[in-house]
Amino acid sequence: MTVNGVAVAFSVNGVAHRLEVGPGETLLRTLRERLRLTGTKDGCVEGECGACTVLVDDRPVDSCILLTAALEGRQVRTVEGLSGDGALGPLQQAFIDHGSVQCGFCTPGFLMTLTALLEENPSPSSFEVREALDGNICRCTGYRQIIEAVAAVTAESTRP
Amino acid sequence: MQFHRAQTLDEALDLLGELGDDALVLAGGTDAVIQYLAGEIAPEAFVHIEGIEDLTTVSLNHRTTLGPLVTHRVLATDEVIGAVHPALAASARTVGGWQTQAVGTIGGNICNASPAADTVPPLLVADAYVTLASRRGRRRLALMDFFLDRRQTVMDPDEMLTAIDLDPLPRGSGEVYLKVGRRGAMEVALVGMAVRIGFAADGTVDSARIALCSVAPTPRRVPDAEKALIGSRLDGGVFDAAGEALRAAACPIDDARASASYRRRTLGGLLERAAIQCREAVTS
Ligand SMILES: Cc1cc2nc3c(=O)[nH]c(=O)nc-3n(C[C@@H](O)[C@@H](O)[C@H](O)COP(=O)(O)OP(=O)(O)OC[C@H]3O[C@@H](n4cnc5c(N)ncnc54)[C@H](O)[C@@H]3O)c2cc1C
Ligand code: FES
Ligand code: FES
């Protein structure tokens, strides 16, 4: 079987990329192995756990089951894009402050899904937070600390 | 393998016409990419259709028309769609997590022809039709006649699903989708049931449609169970008779997730719950 490279142009964290990728190459692989953005994790690699969540045009998607060739013209954001100039974003800081990170493997995925949620709905109820996180699995924390971190960030932003 | 991006329906149909058997349509990829990565499918080419704007539209009229690229997320969250298609919206909410709903499409859910496709029972109770197009022409057929067997449909290799049309919920009717799984989220249906019931002013059932998934190789309506409810007030022994009809229509599989007898036993109780919820949805 012949494999033909596919030219694809898209941006990652605001930086434009023009790549030639294999037609079956996943975005997870492109990010980790070509662009060396290893914050995005490979867990189940079948769309079940959310460790590989990134934002494509502001929507959370599992990068392990998304073909890079399908991303022409799209904007991708990864966990590396959440901190600017070495300073952590507010959600990242809240995760640290509330003990929401144990082994940390699931953390980048949770941060990306929650970033999408907070952009869409700046003051979600705890039910809405849980519902948004249906596709993110954490084996360590039991989720409570994660929900608390979100509550802390939303309380911060709605304080007069 | 090759990867083709189609920007218009014409381009996609040309590609499928040329490549036929060797090509596979790729929409959100939440089924196709997993199957490809697992080595279950090995197409010579993907024809990527996600960029075809015309296939993302929703039009609400005396019939609702959905483009095949409408995502589960849109079905799950759009308030206008939710008001006239509450069971369809509820079914989309049960598909995977946000990540899956954000890219997974209704067209892909139908064309993948899984026995457990959650959006199909609500479409069946809304009397859905599908339009298939190819370079050779167009045809429109009842969704019920689209499925041949598990993962098999009447669609030819050069054809594409281009539209789904269905009845909005009429006044005086209620509809629900109930899914039995082992946990709340991220679960394939053990049994999925959509019910749409129309009530006369005195509360008598004057129309009933019931559809199931995950109980047989293809999703299906159950006319005998529907007949058992019509003319009743959802009391007396109607659920015994209807439950019997559901069990007869179901030929569920035994697998690691649940036994066939568990799946069959849940059917009568599930219908009773669904029918009561339909009535509450009307009167409230
Ligand atoms: C973690 C996870 C959980 C899931 N949970 C559920 C669940 O609970 N319930 C459920 O029902 N599904 C579930 N799914 C599957 C669900 O996401 C898919 O069925 C989805 O709707 C398919 O849409 P897609 O756009 O991703 O299709 P694709 O994967 O792109 O395509 C699926 C198939 O349909 C064909 N196809 C797609 N569009 C067309 C078209 N317009 N014309 C012709 N052929 C076409 C493709 O060739 C392919 O064979 C889950 C998936 C994942 C990854
Ligand atoms: S690694 Fe992608 S969902 Fe698990
Ligand atoms: S912190 Fe370990 S999996 Fe979530």
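Predicted model: local features only at pLDDT ≥ 70, side-chain atom pairs only at ≥ 80, totals over all residues.
Strands β6(B) and β7(B) form a hairpin, with two residues between them. Strand β6, spanning residues 129-134 of chain B, runs antiparallel to strand β7, residues 137-142 of chain B, and six bridges join the two. Within this pairing, B:Ala133 has B:Arg138 of β7(B) as its bridge partner.

Chain B also makes a contact with chain A, to which chain B contributes 27 residues and chain A contributes 36 residues. About 2,400 Å² is buried between the two chains, and carbon and sulfur atoms give 60% of this area. On the side of chain B, the residues that lose the most area to chain A are B:Met1, B:Trp98 and B:Gln99, which together account for 31% of what that side buries.

Polar interactions across the contact comprise seven residue pairs in polar contact, with both residues at pLDDT 80 or more. Two salt bridges are counted between chain B and chain A. A salt bridge is formed by the side chains of B:Arg73 and A:Glu120, with an N to O distance of 2.8 Å.

Several secondary-structure elements of chain B supply at least two residues each to the side that touches chain A, namely β1 (2-5), α2 (32-37), β3 (45-48) and α6 (98-103). The largest share, five residues, comes from α6(B). By residue class, the side of chain B that touches chain A divides into 13 nonpolar, nine polar and five charged residues.

Terms used. Residues numbered from 1 in each chain as written. Chains lettered and ligands numbered in written order. Heavy atoms only, no water. Pairing = 2+ DSSP bridges. Helix = DSSP H or I, 4+ residues; strand = E, 2+ residues; numbered from the N terminus. Contact = heavy atoms within 4.5 Å. Buried area = accessible area lost by both parts, 1.4 Å probe. Salt bridge = Lys/Arg side-chain N within 4 Å of Asp/Glu carboxyl O. Polar contact = N/O pair within 3.5 Å; in protein donor to acceptor, adjacent residues only side chain to side chain. Nonpolar A, V, L, I, M, F, W, Y, C, P; charged D, E, K, R; others polar.
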